[in-house]
Amino acid sequence: MVKIIIQDLSFRYRSVPVLQGLSFNVGRGKTLALLGPNGSGKSTLIKCINKILRPKGRVVMDGDEIHSMHISDVARRIGYVPQSETMGMSMTVFDAVLMGRRVHMGWKPAARDLEIVARVLNDMKIESLAMEDIWELSGGQRQKVFIARALAQEPEVLLLDEPTTSLDLKHQLDTMETVRSLVKRSGISVVMAIHDINLAARYADTVAMIRKGTIYGIGAPIEMFTVQSIRDVYGVEATFLYDTAGNPVIVPVRAAEEQS
Amino acid sequence: MSETAKEKYLSFIQRKVLFLGITVVALFLVVGIAVTIGSYDMTITDVYRIIANGILNPGDSTADLVIWNVRLPRVCMGILAGAGLGICGAVLQAILRNPLASPFTLGITSAATFGASLAVILGIGIFGGSYIVVINAFAFTLIASFAIYALAFTKKFTPGAIIMAGIAISYLFASLTSFLQFIGTADALQQVVFWTMGSLGRANWFAIQIVLGILAVTIPILLWYSMDLNVMGSGDEAAKSMGVDVNRVRIVTLVLTSLMTAGIICFTGTIGFIGLVGPHICRMIVGPDHRFLLPASALMGALILVSADIAARTLFAPQVIPIGIMTSFIGVPFFIYLFVRRRGMYW
């Protein structure tokens, strides 16, 4: 079942083309990882999906054209966790997650809004931090808060922009396990831009490899990750190992020689 | 388990409401003291009784006349100006995501000073008559605001663009004012300097009606945007993803705060500090939720300004010190106390 259809999507920053004619689908209840080197357009693509940026082309979700929807209608259906959060003011975790209810609530949160925030905090295992200052948390805990805030929107699709960047190994795995269990439990679709190809191999159903703003290839990790694709997309020579579950583990060896 | 977080949050909300209640009571007392103090002796209970009776049935005793015609207009203007400037500061700090933002950051107060200087030094006004200074200050504040919007529009109303445009406009009008002061007479110069220090002494019921009218329209709209202001603290992209039309909120709130600032300072002159530090004091106590921060900043602004006016009138009586000087003397020690005492960061 297809959740989102992306059709001929292009985007320019001023005159510089960043994304060029991208077309692919996101499956319902599936996790799609966007992979590619810095500047390949992963984060831009994420922002084009939920109307933060206005690209050319179409993004269709369950038959509805996203770019003709009002921004608050988009927010009711798509949650987003940005790469870096510039939350300047200190606030409690509960207040931060409650912001996710903004599209559903009026001036005063209803009992249901508070229930949902409490439930999401519980789901993310951060209920004990509810009244802590968000800026006194560790990076991993804070990332969970931002994911919780997006989940409080009750989205059908969750967009994650580099969810594991700046997290230590434990918190990287913790975050990805949380995302996986969310997908299993609630059936939402996840699109994540991610740098770590091994995490993508382990946690994504589908990977889209992006090179210079175009789709190099899209498919299951085991099919997509080859010596040739890693060389073409990342410019890196790599060897492959396989974990006990049969997932590929990519070991980068050296930078590939420039092809003329 | 999930009840616990919700219960803690509700108890947190109750503490914020309690703070608002305490501030209302404190303001009520300070207003009573402010109206009581003066050369005509009366007690604070006389003051409350005369005000309560006078609302429905104004008396004609000396005490009635002193309170209703002399002291109350001054105090009411203090409440309105303090409340308005406090809210403006809180809103501007939120939409510009800058702790140093205040009605002064946008440079529009420099424009007000220029307008007033133009009227005082050269006698040039958009309209003549006894309100020439007031109308000039108001008009030039709005002119400066629109210049800032026009400049910021070219950069898609980003916080940085608005601040830079504000600084540019501020320096432009400051230099124009300096030029007027350079060519003005000593007497006119003294009047301009006095205007820039702020005063509640020019308050009258007409001015209060105008300011009250502006605040009555603008404050409910700003309060309505409280949740959007909360969300905008997370950055523009995150705010858009939560359904906030960031540009619209920023433009509407900028226009409203400009109108409020213009409406207030054209009658009072420039009163600094309150719009900057009033919201910070409240943020340290009630947190950054604008549903509580805006009312708290309004109450705190009013409390500081009326308290400062009491000090201004009594410290060197019968000499009255300009209110702009006293606001900092009253507010800064309280701000420093909270700043040092508070655990962790608050912005």
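Which residue in S9(A) does A:Leu34 stand opposite? A:Leu34 stands opposite A:Ala208.

## Basis

This is a predicted model, in which local features need pLDDT of at least 70 and side-chain atom pairs count only at pLDDT 80 or more, while totals for chains, interfaces and linings use all residues. Residues are numbered from 1 along each chain as its sequence is written, and chains are lettered from A and ligands numbered from 1 in the order in which they are written.

Helices (H or I, at least four residues) and strands (E, at least two) are DSSP runs, numbered from the N terminus. Two strands pair if DSSP finds at least two bridges between them.

## The mixed sheet

An open sheet of 6 strands in chain A has the order S6-S7-S8-S3-S9-S10, with mixed pairing. Strand S6 (78-81) and strand S10 (214-219) are its edge strands, each pairing on one side only. Direction ignored, neighbouring strands of this sheet are turned by 15 degrees against each other on average; axes are lines fitted to C-alpha atoms, for helices over the stretch in contact, and angles run from 0 to 180 degrees between N-to-C directions.

Strand S3 (residues 31-35) and strand S9 (residues 206-211) of chain A are parallel and share 4 bridges. Helix H5 (residues 139-152) of chain A packs on the sheet and touches S6 and strand S7 (157-161); contact means C-beta atoms, placed from the backbone, within 7 Å. The direction of H5 makes about 165 degrees with that of S6(A).

## The antiparallel sheet

In chain A, 4 strands form an open sheet in the order S2-S1-S4-S5, with antiparallel pairing. Its edge strands are strand S2 (16-27) and strand S5 (64-65). Strand S4 (residues 56-61) is joined to S5(A) by 2 bridges, and A:Val60 stands opposite A:Glu65 in S5(A).

Notes. Contact = placed C-beta atoms within 7 Å.
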